[in-house]
Amino acid sequence: MVSEKRSTNGHSHAVVLHRRVIASVVEYAGLLAVLLILIVLFSIQTDNFFRVQTALTIANSSPDLIFVSVGMTLVLIVAGIDLSVGSLLALGAAVIGVAMSEYELGVASAIALCMVTTTLCGFCNGFVSAWFAIPSFIVTLGMLEMARGATKLISDSQSIYIGSRFEWFGEPLPGISLSPSFLIAVLTVLLAQFLLTQTIYGRYCIAIGTNKEAVKMSGIRTAPVFITTFAISGFLCGLAAISHTGRLLTSDPNAARGLELSAIAACVIGGTSLMGGRGSVVASFIGVLIIAVLQSGLAQMGVDDAIKQVITGGVIILAVLLDSLRQRISREEKS
């Protein structure tokens with residue numbers, strides 16, 4: 001009986017695993033198909049797009065957006081939004097620049113200061129929004145201005161050259177031609193996906209985004225989860241600042257303007273709901289690749305920047321429309 005039961009349980013586990021794999025393939029197949037179509041389209045239109053070097057260039061220039069998109073995905077799932085990610089990246093980069101150039105701190109100390117600063121800003125976003133019941137849209141809009149202003153104050157509105165001490169983070173590694181920042185970004189995606197799908201914290205995030213009041217009535221404190229999510233977003237902005245500084249070797253007070261919109265676009269393209277309760281970090285990662293391929297392909301075609309913005313905006317609107325359609329179908333199926 002025992003062996004029979006074990007066999008049945010083993011069989012059921014295999015079936016569940018099989019269904020999960022199929023569901024994952026179906027979930028990501030549409031996004032991967034869009035990515036493949038863009039690659040084929042640009043490869044036909046230009047002579048140099050379908051090359052390994054182009055793929056490596058896209059990968060090594062994407063970590064900033066990957067890091068902030070991971071944080072944005074978690075924030076959107078708890079039905080929040082973080083508009084301050086671009087300014088926090090600039091602030092983190094400025095902290096590194098000032099710490100190393102004016103105070104002559106080492107790389108480790110500068111990185112620690114950057115991470116503490118951006119994580120603390122993210123924590124403040126979540127705390128003010130949760131404790132005072134203010135929409136995160138308003139709180140992070142204020143943080144966007146405060147962080148950008150603080151960046152200009154500490155850097156005296158000047159770009160600061162860091163030097164080659166940060167070069168190792170953005171330079172491609174010998175043999176694989178991928179930068180450490182891209183590899184760390186991919187590892188971050190996998191860890192965040194595990195956090196979201198395999199931990200109690202992840203289940204709470206989805207539950208809070210789906211029905212916050214019901215979660216409260218069940219006795220679960222939602223504020224700590226909400227605050228932690230924004231702190232994680234701030235922490236990832238710090239990693240994006242390190243990646244940005246390692247690639248450009250300069251901290252620019254005007255860096256990453258509009259990055260928040262690109263991050264939201266990547267999440268929405270990946271299927272994360274702006275209403276909360278649904279999303280996937282891996283899908284947001286594919287959304288980042290779609291945006292990166294789109295912008296790189298249009299640049300190689302010599303398309304004007306203004307037209308590139310129009311096309312990118314059109315893709316975002318299309319993604320939002322598809323999300324709205326998907327939610328409507330889901331509601332109709334439930335009713």
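Predicted model: local features only at pLDDT ≥ 70, side-chain atom pairs only at ≥ 80, totals over all residues.
Residues are numbered from 1 along each chain as its sequence is written, and side-chain values use heavy atoms, with hydrogens and water left out. Local features need pLDDT of at least 70 and side-chain atom pairs count only at pLDDT 80 or more, while totals for chains, interfaces and linings use all residues.

**Exercise 1. State how many helices and strands the protein chain has, and what percentage of its residues count as buried.**

Solution. 
- Step 1. The protein chain has 14 helices and two strands. Helices (H or I, at least four residues) and strands (E, at least two) are DSSP runs, numbered from the N terminus.
- Step 2. Of its 335 residues, 47% count as buried. Buried means under 20% relative accessible area, exposed over 50%, and partly exposed in between (1.4 Å probe, protein chains only).
- Step 3. Take the contacts between residues at least 6 apart in sequence: 79% of them join residues at least 24 apart. Contact means heavy atoms within 4.5 Å.

**Exercise 2. Classify the ring pair of Phe 123 and Phe 127.**

Solution. 
- Step 1. Set the rule. Rings of Phe, Tyr and Trp (its six-membered ring) pair if their centres lie within 6.5 Å; planes under 30 degrees apart count as stacked, over 60 as edge-to-face and the rest as tilted. By this rule there are four aromatic pairs.
- Step 2. Phe 123 has 38% relative accessibility, so it counts as partly exposed. Phe 127 is also partly exposed, because its relative accessible area is 30%.
- Step 3. Ring pairs join Phe 123, Phe 127 and Trp 131 into a cluster.

**Exercise 3. Classify the ring pair of Phe 226 and Phe 230, then find the charge over one of these rings.**

Solution. 
- Step 1. The planes of Phe 226 and Phe 230 meet at 50° with ring centres 5.0 Å apart, so this pair is tilted.
- Step 2. The two residues sit in helix H11 (residues 222-248), four residues apart, about one turn of the helix. Phe 226 and Phe 230 are buried.
- Step 3. Lys 212 lies over the face of Phe 226, 5.4 Å from the ring centre. The test asks for NZ of Lys or CZ of Arg within 6 Å of the ring centre and within 35 degrees of the ring normal.

**Exercise 4. Identify the residues that touch the most other members of the largest nonpolar core.**

Solution. 
- Step 1. A nonpolar core is a set of buried Ala, Val, Leu, Ile, Met, Phe, Trp, Tyr and Cys residues joined through side-chain atoms within 4.5 Å.
- Step 2. The largest one holds 84 residues, and Val 68, Ile 96 and Ile 242 touch the most other members. Helix H13 (residues 281-300) gives the largest share of this core, 13 residues.
- Step 3. Not counting residues up to four places away in sequence, Val 68 touches Val 85, Cys 237, Ala 240, Leu 259 and Ala 263.

**Exercise 5. Describe how H3 packs on H11, and H8 on H9.**

Solution. 
- Step 1. Axes are lines fitted to C-alpha atoms, for helices over the stretch in contact, and angles run from 0 to 180 degrees between N-to-C directions. Under 35 degrees is roughly parallel, over 145 roughly antiparallel, 65 to 115 roughly perpendicular and the rest oblique.
- Step 2. The axes of helix H3 (residues 63-77) and H11 come within 8 Å and cross at roughly 175°. H3 and H11 are therefore roughly antiparallel. Val 68 is among the H3 residues in this contact, and Phe 230 and Cys 237 are among those of H11.
- Step 3. Helix H8 (residues 180-198) and helix H9 (residues 200-210) have axes 5 Å apart, at an angle of about 70°. H8 and H9 are therefore roughly perpendicular. Leu 195, Leu 196 and Gln 198 of H8 meet Tyr 201, Gly 202, Arg 203 and Ile 206 of H9.

**Exercise 6. Describe the setting of Asn 125 and the phi of Glu 104.**

Solution. 
- Step 1. Asn 125 lies in helix H5. Its relative accessible area is 1%, so Asn 125 is buried.
- Step 2. Beyond four places in sequence, Asn 125 touches Asp 82, Ser 84, Val 139, Thr 140, Met 143 and Phe 230.
- Step 3. Most residues other than glycine have a negative phi. Glu 104 is not a glycine, yet has a positive phi of about 55°.
- Step 4. Glu 104 lies in the loop between helix H4 (85-101) and H5. Glu 104 counts as exposed because its relative accessibility is 67%.
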